[in-house]
Amino acid sequence: GPYPLTVEFRGEASLEEITKYSWTFFRLEDGKEIPFGTARSGKVVEYRFEERGKYRVYLTVYTADQRFAQSHVDVDVRSKPPKARFTADPYPEVQVGKTVTFDAQESRDPDGTIVSYIWNFGDGSLRETREPLVRHKYDKPGKYEVRLVVIDDYDDRSEPAVLRLRVVPKGCGSCP
């Protein structure tokens, strides 16, 4: 999930009679485990991850006669999702064959950058771009639902932003 992320870790499934539960936390960077945070003890512990990243959490359990076993789980703390927003010009109507400029410069990523714009023009045309401006022409009159999804530098996707556009026949007097 997105940060800050609180995770509850449960060691209750250990099979023998356990006398000690020890939890340690590592950040994964370039394939290396970097210790961070404070070790915790207890059958059940909570930890709040304040930053996005990949983490590994180890549980070491001990029995009364000092035998031990260890297991780990990886945690992927995602970034906050980006928000897609866009406008169209002309809008809300355009004539068949005229170019519509879609502008997604108001899309935002609260903790990174947008790296990709995925456009669905509602007429069967899809396009992925690296830039927020795109142009498109419609060949047939009708009502079209245009959707935009943006992807950030952590590969998180926005919810789709939607605009409804009317494409009218050539010669329409009230539209560009």
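Here are a few questions and answers about a sheet and a histidine in this predicted model.

Q: Why is His-136 called buried?
A: Buried means under 20% relative accessible area. His-136 has a relative accessible area of 8%, so the term applies.

Q: Where does His-136 sit, and which residues is His-136 in contact with, leaving aside its neighbours within four places in sequence?
A: You will find His-136 in strand β13, residues 133-137. With those neighbours set aside, its contacts are Lys-98, Thr-99, Val-100, Phe-102, Phe-121, Asp-123, Ser-125 and Arg-127.

Q: What makes the link between the side chains of His-136 and Asp-123 a polar contact?
A: The cut-off for such a pair of N or O atoms is within 3.5 Å. The side chains of His-136 and Asp-123 are joined at 2.8 Å, so the distance meets the cut-off.

Q: Why are β9 and β12 called edge strands?
A: The open sheet runs in the order β9-β15-β14-β11-β12. Both β9 (93-95) and β12 (126-129) pair on one side only.

Q: How do you know that β9 and β15 pair?
A: Pairing takes at least two bridges. β9 and β15 (residues 161-168) have three bridges, in the parallel sense, so they count as paired. Here Gln-95 stands opposite Val-168 in β15.

Methods
Residues numbered from 1 in each chain as written. Predicted model: local features only at pLDDT ≥ 70, side-chain atom pairs only at ≥ 80, totals over all residues. Heavy atoms only, no water. Helix = DSSP H or I, 4+ residues; strand = E, 2+ residues; numbered from the N terminus. Buried < 20%, exposed > 50% of the residue type's maximum accessible area, 1.4 Å probe, protein only. Polar contact = N/O pair within 3.5 Å; in protein donor to acceptor, adjacent residues only side chain to side chain. Contact = heavy atoms within 4.5 Å.
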